[in-house]
Amino acid sequence: MTDFPRVEPLAGPADLDGVLAIEEASFNNPTTRTWYEAELQRPEVCKVFVVRSSELSVAGFAAFWRVLDEMHINNLAVHPVMRERGLGRLLLRETLNAAHAMGIRRATLEVRRSNTPALRLYEAAGFRLTGVRPNYYSQPVEDALVLAAAVESP
């Protein structure tokens, strides 16, 4: 018997297809397969975790870079049909727990100023505003809020 939902490292090409489908459904400027394939050639730096559900083998994902004892969360998203079920919260918590086990002690990210659901998720997880990047995003042009949090033991 398999327990769902669960968070695991990206397992292969089928998982990457799921990540890319969520990218397309979630972001105005989705990250490309080429970018992921290049980044995944650097496993000491690039980490991707997926959340699995009984309905979808990849219901959400988190991609981050590890730099010494810090992580930068590049993207975190849940498939549109799976939102509002707590999967984003689970994915973020388990990703931060895995990062802590790797020796990571600080996390940073950028988020669109208008992305209220993401801001609520990150603030509930202890992220705090540390800066603003004016006109960081395109399509539409929008500021990025820079958030950071301590990565603590579970």
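This is a predicted model: local features need pLDDT of at least 70, side-chain atom pairs count only at pLDDT 80 or more; totals for chains, interfaces and linings use all residues.
Visitor: Let's start with helix α3. How many residues does α3 have, and what distance does it reach from its first C-alpha to its last?

Guide: A helix can be checked by comparing its reach with the span expected at 1.5 Å a residue. Helix α3, residues 87-101, has 15 residues and reaches 21 Å, close to the 21 Å expected.

Visitor: Is α3 mostly covered or mostly exposed?

Guide: The general idea first: an α-helix has 3.6 residues a turn, so residues three or four places apart point the same way. As for this helix, α3 is mostly covered, with eleven of its 15 residues buried. Among them are Leu87, Leu91, Thr95 and Ala98.

Visitor: Which elements do the buried residues of α3 pack against?

Guide: Their partners are the strands β1 (6-9), β2 (46-52), β3 (60-67), β4 (70-78) and β5 (106-112), together with helix α4 (116-124). Look just past the end of α3 as well: glycine 103 has a positive phi of about 95° there.

Visitor: Now the aromatic rings. How many aromatic pairs does a search of the whole structure find?

Guide: The search finds six. To read a pair, take the distance between ring centres and then the angle between planes; angles over 60 degrees count as edge-to-face and those under 30 as stacked, with the rest tilted. Tryptophan 35 and tryptophan 65 have ring centres 6.1 Å apart and planes at 45°, so this pair is tilted. Because tryptophan 35 lies in helix α2 and tryptophan 65 in strand β3, the pair ties together parts that are 30 residues apart in sequence.

Visitor: Are tryptophan 35 and tryptophan 65 buried or partly exposed?

Guide: Tryptophan 35 counts as partly exposed at 26% relative accessibility, and tryptophan 65 counts as partly exposed at 29%. Now turn to tyrosine 36 and phenylalanine 61: their ring centres are 6.4 Å apart and their planes at 80°, so the pair is edge-to-face. This pair links helix α2 with strand β3, so it ties together parts 25 residues apart in sequence. Tyrosine 36 counts as buried at 1% relative accessibility, and phenylalanine 61 counts as buried at 0%.

Visitor: Which residues form one aromatic cluster?

Guide: Trp35, Tyr36, Phe61 and Trp65 do.

Note on methods: Residues are numbered from 1 along each chain as its sequence is written. Side-chain values use heavy atoms; hydrogens and water are left out. Helices (H or I, at least four residues) and strands (E, at least two) are DSSP runs, numbered from the N terminus. Buried means under 20% relative accessible area, exposed over 50%, partly exposed in between (1.4 Å probe, protein chains only). Contact means heavy atoms within 4.5 Å. Rings of Phe, Tyr and Trp (its six-membered ring) pair if their centres lie within 6.5 Å; planes under 30 degrees apart count as stacked, over 60 as edge-to-face and the rest as tilted.
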